[in-house]
Structures are given as C-alpha cells and as structure tokens.
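I opened the model to look up a few local features and kept these notes as I went.

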Amino acid sequence: MYKDIIQFLDQRRLKEAFAQLSSLASKTGNWKLTSEVETLQTTYGYMLQYAAQGMDDPGRGKMYARLRRTGYELADRAGFINDQQTAQGYFASRFRSFKQMPPHSFQEIGMTLEAIAEDVGVTPLMIADEEKKRTELKSLYERNGKATDELFDKIWTSVQWTEEEANEAAALLDSPLIPANSLAVMISAVTLSLMRIFDERKFHLLLHAYRQRTEPVITQRALVGILLAASYQEKRLALYPELTAALTILSDSPETVKQLHHIQVLFLLSRETEKIDRKMREEIIPKMMQNPHLKNPDLKITDIEDLEDKNPEWEKSMSKISDEIRQLGELQMEGADTYMSTFSQLKNYPFFRQAAHWFYPFDRQTADIADFFSDGKTEDNSLIGLLLSSPMFCNSDKYSFCLTINSLPPSQREMLSTRLGAQNEIMQENISKLTAETHEGEKENIVSRQYIHDLYRFFKLWMFRSEQHDLFADELTFWKSPFLRPLLLSDEYHKQIADYLFTKDYFQEAAELYKELTAISPEDADIWQKLGFSYQKMRHYEKAVEAYLQADILKPDHVWTLKHLAQCHKRMRNYEKALSYFYRVEAIQPDNLNLLLQTGQCLATLRDYAKALQYFFKVEYLDKTPENAQRAIGWCYFMTGKYEEALRFYEKLLQTPGVQMNDWLNAGHVYTAMNRITEALKCYREVEKRTTTHDEFMRIYLADKEALMEQGVTEEDIYLIPDLL
C-alpha cells in the first residue's frame, strides 16, 4: 500500500493517494498520525471545491506543493511505523521498546550529559583516594555511555521530529558543556535515521552542526551525513527549496568544497576495501607463511654470508611480497582501508552489540576500556600508546585493539603498556611519523577517513547488519545528485574525480566525466586521450576512435594516440586503416618491435604475406626472444604453400622450453597439407593432451578449417583426422 501511495503522489494523483494514506494510517493505531491525515484530506477537499467554483486563488500553486509534500511526509511516517510494528530484529525491538517506555527528552538527556561532564572535571579534585577516584570516575563514564546510547537510539529509531523536538535537539547540539564525542555520536544517529526516513528538521540539524560547531569530529560527520542524506533522499530533498538553497550556499566556501571532495574520494576508495581484504587473505599472508626465509626469524639478512647463500627463489618471493606491501602502503596513504582484514575478527566483544558503539570516537574514558588506562601504567610512548594515537587506525579498530589487549594475561599486557626500549626505537620512530600526520592541516581529512572506515565496519560487520541496506554495496557517486554536483565537480575537482576513477579502472564512470570535460575544456588533448582509452577498455571502439582523432588534431603525431588508433581499428577489423596508423608510428619509431609485429599481423590478415614476412624477419633478427615472430613466419609460409620453410620454423619452436599448444597445432596443419598424416597425428595428440575435453580440442582444431581447405585439404579429411586420434 505504501508503494501505491508514493506512486500516486509521484503522478500527482493526490485524491487517490490521500484515500490510500488514510487507510494506511489507520493501521498504525497512531491517533495523531490519523488526525493529521484527516486534516490533509479536508484541506485538499476545500481546495478542490474552490477550484470547481472557478475561484481565483493566487496561492493555489504553493498550497498544492505543500499538500503534496505533506502527503509524502505522512506516507513515509505511516509506512515506517507499520513496518517496525511487525518487523523482527534489533532496530524494530528498539523502536517498540521506546513506544512502550518513551526515552528521555533531548532536554533531559542534554542536562544529564552536561552534569556528568562537570562531575568528571571536578571529581579528581574532590577525591584524594585513588581507588575511590577510579571507582567514581568509572561510574560517571558508564552513565555518560548510557546517556549517549539512549540519545543515539532515540534519534535513530525516530520518525520525523516535531518542531519542539528539533529545537531541543539543536539546543543540545549547541551546548558548550556536552563532550564533542557524544555530539559526534548524535550526528551519526541523525545520518542513519535520514537514510531510513527523510526528515527536513534532521537535515537542517546536519547543516546547523557543520556551520556552528568547530570540532572536526562533529563537522566532518555532519558533512558525511549531508552527502549521504542528499544522495539517498534526492527525491524528497527536491520538495524542499530551502534545503537545496542551503546546499548551494555551501559551495561559497572553498574549504567546504575541498572537504566534500575528499569525502567523495574516500567513499570511492571504499570500493577497494574488499579487494585489499581478499589480497591480504589469499595472497600476501599465505605467501609470507609459505616463504622459508620469513619463517626463520634467526636468519640475519644483514649478514653478508647469509645473503650470498640465499636461494634465488627466496629473493624473487621476497621481492614480490615487498612490492605488494608497498602497493598496500601507497593505498593506505591515499586513505584506503587496509586494516579491515586485520580487525574484522575482533568485533565479537559485547561492546559491539550496541549500535551506537560503532560510532564512538576513540576515548580512553569510555567505560568499557577505562580500567585499561586507569592505573596510569600505559605510557604514551609504549607500543599500545603509539598505536592508539596513530591516525591510520579508525576508532572502531582502536576499541577492538584495547578490548583484545585487555583480555591478555597481565604479564603480556604490562609488556605492551610500558615504554619502548632502545631496541624498538625504529618502530617508535616509524609510528611517530604516522602520528605526526595529525597536524592541523590534515586533521579534517584524518577524522573523515576514520569515520568512513567506522561506517564501513558497521555496515559490513555488525551482527545485525542484515536488517539494513548496505550503503557500501552502492556506487556512492554522490556527484550524480543534481544538488551535490555543483559541490563536488566544481573547478579542478571535476577532473580530479575523473582521474581517480580512471586510475582505479572504473572506466564507465570515468568516461562519463571525461565526456563532460571535453565540453568544458575542448582543447585539452589529455582529456580526449583518457576518454578514448576509457571507451577502448569498454570495447566501444568507434567512440574511442572519435576521441583519439580529436586528441590527434590537438596534439598531432603523438605516438601513444596513433598506436591506440591503430589498435582500435584492428579490433574493428579495419585492417587497412589500422595499417595507416601503424605506418605513421613506424616513421617515428622504426625499431619498435611490438609495433613491427602488429604491422606484420595486419598485413598477414590482409594476405599480403610477402610484405608481412619482411616485418616478421626484422623482428626475428632484432628480438632477443623471437618466438612470436617465428610463429608468424611459419604461418605466412604455410598460407603461401611453402611447407618445408614453415616446418623449419615450427620444428624449431617445438624444441623450445616455451612451446605453445598452437605450435603443435600449426605444425600438425603443415604436415596435414603435406599429406604426412602420421606426423600430423603426433602433433594433434600433443594438442589434445593440453586440452581438458575432446570438445575443446575440436573447437580449436576446426577454427582453422578454412585455412586447411585453402591449402587443398578436403573437408572429409579434416573431419577424419580427429577420429584417428
């Protein structure tokens, strides 16, 4: 029924929509909602009466828009309430429990948080006994956590706010006494709520939080919430001109636009997390475990004799692992989530059962880990202290780390909590370098990166994650929203996002942005080249050629462009055209062996075997590994009936360590054409050994049927040969 109502509203069939809405509202058992729907129907009825009488009403358009907007709001609320009344799970149970026992008001929660913050500040001054002080502080931390959790759940499970609730929530947000960490959790709850049900007042609160607060832990979460809400609720947002106008105003601040761009890139980077996770689990870690050098901690890699005695295969393996780790390090510096795999198994502690806890900024005063730091033994320059201050770990992972360390035996825990010795100075220095990144200029970026990693873990690892839509399964291309596009694709950011997508091989999206950029910067050859390459990767060769031609006009005789024009024409089987571009490149790079080989292939395809052989012989002469040229020469001789010359090359290939299945196949073809069936069958049997099924052999063998018939082999003989194997 809810979907029918929305469809009627979309089609502006208000009378039918309101009739269905009345029925849906009655099912909720919510008298206030039912009353609002009745008022809506009555108001619309009066409008219809006035219109029927032909009365002139200058405000009718605005009234109609307001009634339709209210219709959406009431439909969303009725649908939401009905769903939660029958649904099972964490969210629905929280919703129903608040219905039976309403939570405290925002004003009451705000007063509680303010009082706790004040008590936390004065308790160390009021109590001298250390044990009593720790006990009292632990109690205050628990009360703060309980109030913060209630605030989160109250917002997350709420429908649209009343004006009174919105004012109280804004007052709570503006309080200078409430810890910023609690307000950050509040902003996360507003974001999650907006993704379930649109609320104009909650959206206003996100804008207010960004404009009025100065703490990055709040402002960056507000910006993330604005992006998510505007993207996922684009249709609803279009009904509120005042909100879209407020988004437009954000573009006046270069710093805001820069931060939004960074957040957009971070969300795009989240696409790489599963790839990184898979690479760690399936490649890097298994290779490290298998590597005999890495298994032997006593092997002194700085010892000259040991270095000289190493197995060369170890060196190759070590080098490959080093390259992969370096690549991960580069991704990490971009902001990629490289620790998901490491910490994904450490989210089963009771702490993570509560939804709000996934959004706690890391704080040593959080009740669940406060005991770990209360004795003062964990020094800032200990291994634990340095890791917890590192910007590379998100908040959720830092809590996982503390909860895990806390479960260790006291002796091991104490070892990790004490000052690093001189032997660990290098480790301390490396971690300190990472920590130094938190200087003021990078703070907003670090906070937003950590928060998005926290969000990723919540949607991917929370035990009740199946109850909600996984936003990280979506494209997260926020610039596609008309309201966010001016913020994300302004000035140089348009090309930066296109280039980012291009470097990560998201060619479809990159092509869309490059296509737009060609209209903005039509004289930029680099953009045309990248557009062409994106099309080429998508196998849209005609479009690729069009783009490359534009690049060739702007930057004539550019070797890269000419090569790709040739390749595209070759893919489209326009071999004459491909040759024209290969010749242009040859004039610039006469000894480019790959180019010469491709030129010869085009000529051979056009059956100009004599000219093709000239290119293949040149490659064979110049190339240190001439096997590909020899294969081409053998085929040219075969197709021109020079079987003895062809055999000379194929027999040479059959003796090489890198002999390929096609070498045996083509040699078999030559013997068949010479009617030397015994030798042909020997070659074909080698081909069949290398295939998994006889059907696969037949497919490969018959692919050359026309070539065999051209050399005089009858169709009957072609089909007899497989039966002789």
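Second largest pocket. I sorted its lining residues by class and got 12 nonpolar, six polar and seven charged. The model is a predicted one, and I read every entry below with that in mind. I noted a volume of about 720 Å³ for this second largest pocket. I found 25 residues in its lining, and those nearest the centre are A604, T605, W635, N666 and D704. I then listed the elements that supply two or more lining residues: α33 (593-605), α34 (609-622), α35 (627-639), α37 (661-673) and α40 (705-710). Which element gives the most to this lining? I found that α35 does, with six residues.

Largest pocket. I noted about 1,200 Å³ for the volume of the largest pocket. I counted 36 lining residues, with R77, V159, Q160, T162 and E165 closest to the centre. I see two or more lining residues from each of α3, α4 (60-86), α5 (90-100), α8 (163-174) and α10 (200-212). I put the largest share down to α4, which contributes eight residues. I sorted this lining by class as well: 14 residues are nonpolar, nine are polar and 13 are charged.

Aromatic pairs. I got a total of 43 aromatic pairs. I looked at F18 and Y44 and found their ring centres 5.5 Å apart with the planes at 85°, so I logged the pair as edge-to-face. What does this pair tie together? I placed F18 in helix α2 (residues 14-28) and Y44 in helix α3 (residues 31-52), so the contact links parts that are 26 residues apart in sequence. I checked burial too: F18 has a relative accessible area of 2% and is buried, and Y44 is buried at 11%.

I then turned to W358 and F458, which form an edge-to-face pair with 6.3 Å between centres and 65° between planes. I found W358 in the loop between α19 (340-343) and α20 (367-374), and F458 in helix α25 (residues 440-461), so this pair joins parts that are 100 residues apart in sequence. I marked both W358 and F458 as buried.

Charges over rings. I found R196 over the face of F91, 3.7 Å from the ring centre. I also found K530 over the face of F502, at 6.0 Å from the ring centre.

Helix α39. I listed the buried residues of α39 (residues 694-702) as F697, M698, I700 and Y701. Why do I say that they line one face of the helix? Viewed down the axis of α39, the buried residues fall within an arc of 165°, so they line one face. I noted exposed D695 and R699 on the face turned away from that buried side.

Positive phi. I kept in mind that most residues other than glycine have a negative phi. I noted that R12, which is not a glycine, has a positive phi of about 60°. I placed R12 in the loop between α1 (2-10) and α2, and its relative accessibility of 48% makes it partly exposed. I logged D557 as another non-glycine residue with a positive phi, of about 55°. I found D557 in the loop between α30 (541-554) and α31 (559-571). Is D557 buried or partly exposed? I recorded D557 as partly exposed, with a relative accessible area of 45%.

Notes
Residues are numbered from 1 along each chain as its sequence is written. This is a predicted model: local features need pLDDT of at least 70, side-chain atom pairs count only at pLDDT 80 or more; totals for chains, interfaces and linings use all residues. Side-chain values use heavy atoms; hydrogens and water are left out. Rings of Phe, Tyr and Trp (its six-membered ring) pair if their centres lie within 6.5 Å; planes under 30 degrees apart count as stacked, over 60 as edge-to-face and the rest as tilted. Helices (H or I, at least four residues) and strands (E, at least two) are DSSP runs, numbered from the N terminus. Buried means under 20% relative accessible area, exposed over 50%, partly exposed in between (1.4 Å probe, protein chains only). A charge sits over a ring if NZ of Lys or CZ of Arg is within 6 Å of the ring centre and within 35 degrees of the ring normal. On a 1 Å grid over the protein atoms alone, a cavity is a set of points where a 1.4 Å probe fits but cannot get out, and a pocket is an open set with protein on both sides within 12 Å along at least five of seven lines; lining residues have an atom within 4 Å of a point. Grid points are joined across faces, edges and corners, and a volume is the space filled by probe spheres set on the points. Ala, Val, Leu, Ile, Met, Phe, Trp, Tyr, Cys and Pro count as nonpolar, Asp, Glu, Lys and Arg as charged, and the others, Gly among them, as polar. The arc is that of the directions from the helix axis to the C-beta atoms.
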